[in-house]
Amino acid sequence: MAKDKRIGELPGISAAAVVGLNRAGVESVHDLLAAGFDRLAYIVDDYNEAARLVREARKLAHGEQT
């Protein structure tokens, strides 16, 4: 299931973002989509990067659910 995919599989995600998100308890695509946007932006220290990660996670989740 797509939501069980690890965030490290998202296209273009940096290793630093993966480590920061993992430390905050965001380990899967499902966790990323369930987390609040402001929290994600705080963790990755960039609203644009957080928006891009959410878009990529939605694409991944939607693409594999159909």
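The model shown is predicted.

View 1. Once residues up to four places away in sequence are set aside, Glu 56 touches Leu 10 and Pro 11. Glu 56 belongs to helix α4, and because its relative accessible area of 17% is under the 20% limit, the residue counts as buried.

**View 2. The whole protein chain, built from helices.** The protein chain has 4 helices and 0 strands, and when it is read along the sequence the pattern is α-α-α-α. Its radius of gyration is 11 Å, close to the 11 Å that the globule rule gives for 66 residues, so the chain is as compact as a globular protein of that length. Taken along the principal axes, the box filled by the C-alpha atoms is roughly 30 × 20 × 20 Å. Of the 66 residues, 33% count as buried, while the accessible surface comes to about 4100 Å², with 49% of it belonging to carbon and sulfur atoms. Among contacts between residues at least 6 apart in sequence, 43% join residues at least 24 apart.

**View 3. The aromatic pair of Phe 37 and Tyr 47.** A search of the whole structure finds 1 aromatic pair. The ring centres of Phe 37 and Tyr 47 are 5.6 Å apart and the ring planes stand at 40 degrees, so the pair is described as tilted; that angle falls in the class between the limits of 30 degrees for stacked and 60 degrees for edge-to-face. Because Phe 37 lies in helix α3 and Tyr 47 in helix α4 (residues 47–65), the pair ties together parts that are 10 residues apart in sequence. Phe 37 is partly exposed, with a relative accessible area of 33%, and Tyr 47 is also partly exposed, with a value of 49%.

View 4. When its neighbours within four places in sequence are left aside, Phe 37 is in contact with Tyr 47, Ala 50, Ala 51 and Val 54. For a separation computed along both the sequence and space, Phe 37 and Arg 6 are 31 residues apart in sequence and 18 Å apart from C-alpha to C-alpha.

View 5. Ile 43 lies in helix α3, which spans residues 37–44, and its relative accessibility of 23% places it among the partly exposed residues. Apart from neighbours within four places in sequence, Ile 43 is in contact with Gly 20, Leu 21 and Ala 24. The C-alpha atoms of Ile 43 and Ala 17 are separated by 7.7 Å, although these two residues are 26 residues apart along the chain.

View 6. Most residues other than glycine have a negative phi.

Terms used:
Residues are numbered from 1 along each chain as its sequence is written. This is a predicted model: local features need pLDDT of at least 70, side-chain atom pairs count only at pLDDT 80 or more; totals for chains, interfaces and linings use all residues. Side-chain values use heavy atoms; hydrogens and water are left out. Helices (H or I, at least four residues) and strands (E, at least two) are DSSP runs, numbered from the N terminus. The radius of gyration is taken over C-alpha atoms; the globule rule is 2.2 Å times the number of residues to the power 0.38. Buried means under 20% relative accessible area, exposed over 50%, partly exposed in between (1.4 Å probe, protein chains only). Contact means heavy atoms within 4.5 Å. Accessible areas come from the Shrake-Rupley method with a 1.4 Å probe; for residues, only the protein chains shown count as cover. Rings of Phe, Tyr and Trp (its six-membered ring) pair if their centres lie within 6.5 Å; planes under 30 degrees apart count as stacked, over 60 as edge-to-face and the rest as tilted.
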